[in-house]
Amino acid sequence: MAANRRHVLAGMGATLAAGALIGRARAAEPGRKFGYAIVGLGSYATNQIMPRLKDCEHARLVALVSGTPEKLQRYGEEYDIPATHRYSYADYDRIRDNPDIDAVYVVLPNSMHAEYSIRAAQAGKHVMCEKPMAISAAEAEAMIAACRQAGTKLMIGYRSQFEVHNLHAMELARSDALGQVRIITSEHGFDAQPNQWRLDKPLSGGGSLMDIGIYSLNAARYLAGEEPVEVTAMELTDRSDPRFATVEDRINFQLRFPGGALASCVSSYTSNHNTYRVHGPEGWLRAEPATSYTDHQLWVHREGRTEQVRLPTPAKNQFVAQLDHLPESIMAGTEPRSNGMEGLRDMRIIEAIYQSAREGRAIRLTA
Ligand code: NAD
């Protein structure tokens, strides 16, 4: 796998820039929906993404990629995907010859994101890739370069950036509704079950931070509306717990933003959290659950009163809005909101968080 990934990263230079203009024209064909191939038929793909594709305005499910023939058959039948549109990993590069596939959605273990995204770009396909974008900033940079060279778009599956409570919280935090933002707290964690790839560093790239702490980081950045300039971090992991032989359990971090806000972030594999708060001199907001699949709740405190924010149910939930956003960006000829650079920024900060925890010092971040 590692050798294959190296080969793909090295072979990037041979890619032709062709996809975007073709993709733009095809995505705009009247009545034609943008076709996604789902790569990796695990829990998130089959329980959250594939069922939501039928609700999309601009997109549909057209192909499946899996290493398990039984899954290809089962989901192929369930979603009416013909045998010609079902691929094994060995067959994967043949997606190049399938004009129904406009983009792949990579929903594999983290260490496979870069390879399968780059191979998709080399096949002339647009890429939606799950978070974390990759297991290092260098891999994330290679993904951006591959898509740029191929002329295809790259988007990262930051679904919360398409969820209405999160969008409302962003708007409040970035306006003067709370006064100038001083403090952000952002907490994400769960009690990790043993024996899964998330706990195997070669596949996950790291522990809670790569998987769930990234929500604390991404939320702190989108609430602040700017990029942090300094980070400090502290890790605490019980290495006698067999779950944590290769990855970290808790790693908390602080971010300093140039506008004067401080963020305090939790990342945990042994306690449950899904919340953030934003505080300014004029009030605060609190979201809990903040970045869940459903049932988001948001409160705002201003002028001595706390009120729950009741938002109308949107026409598109966060999954549908995210899935439609890639074809919308292609049709409009614009960059997706959560593009490769957005994923890369998180990867660079994640590396700085690990470095800070390891070296016990603050790390300055450059843009
Ligand atoms: P999962 O274990 O349920 O699925 C992973 C899939 O990859 C499985 O189908 C498995 O068969 C396949 N696979 C291929 N090669 C593998 C290998 N060498 N080892 C293990 N599995 C292999 O995981 P998941 O929860 O679906 O997560 C997949 C990706 O989606 C991850 O990157 C994760 O971070 C992301 N995810 C995102 C969200 C979200 O809300 N955005 C939620 C869950 C997961």
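A nitrogen atom of the ligand is 2.9 Å from an N or O atom in the side chain of E130, a polar contact in the sense of a pair of N or O atoms within 3.5 Å. This is a predicted model, in which local features need pLDDT of at least 70 and side-chain atom pairs count only at pLDDT 80 or more, whereas totals for chains, interfaces and linings use all residues. Residues are numbered from 1 along each chain as its sequence is written, and side-chain values use heavy atoms, with hydrogens and water left out.

| Residue | Protein atom | Ligand atom | Distance |
|---|---|---|---|
| E130 | side-chain N or O | nitrogen | 2.9 Å |
| K131 | backbone N or O | oxygen | 2.8 Å |
| Y215 | polar side-chain atom | oxygen | 3.0 Å |

On its own the ligand has 830 Å² of accessible area, of which the protein covers 78%; such areas come from the Shrake-Rupley method with a 1.4 Å probe. Around the ligand there are 23 residues, and S43, N110, R159, W197 and R198 come nearest, a residue being counted as near if one of its heavy atoms lies within 4 Å. This shell divides into twelve nonpolar, five polar and six charged residues, where Ala, Val, Leu, Ile, Met, Phe, Trp, Tyr, Cys and Pro count as nonpolar, Asp, Glu, Lys and Arg as charged, and the others, Gly among them, as polar.

The ligand sits in the largest pocket, in the sense that more than half of its atoms lie within 2 Å of the grid points. A pocket is, on a 1 Å grid over the protein atoms alone, an open set of points where a 1.4 Å probe fits, with protein on both sides within 12 Å along at least five of seven lines, and its lining residues have an atom within 4 Å of a point. α3 (43–53) and α9 (208–224) are the elements that give two or more residues to the shell around the ligand; helices are DSSP runs of H or I of at least four residues, and strands are runs of E of at least two.

About 730 Å³ of space lies in the largest pocket, a volume being the space filled by probe spheres set on the points. Of its 35 lining residues, Y44, K131, R198, D211 and Y293 are the closest to its centre. α3 gives the most to this lining, with five residues. By class, the lining has 13 nonpolar, 16 polar and six charged residues.

The second largest pocket holds about 330 Å³ of space.

Conventions: Polar contact = N/O pair within 3.5 Å; in protein donor to acceptor, adjacent residues only side chain to side chain.
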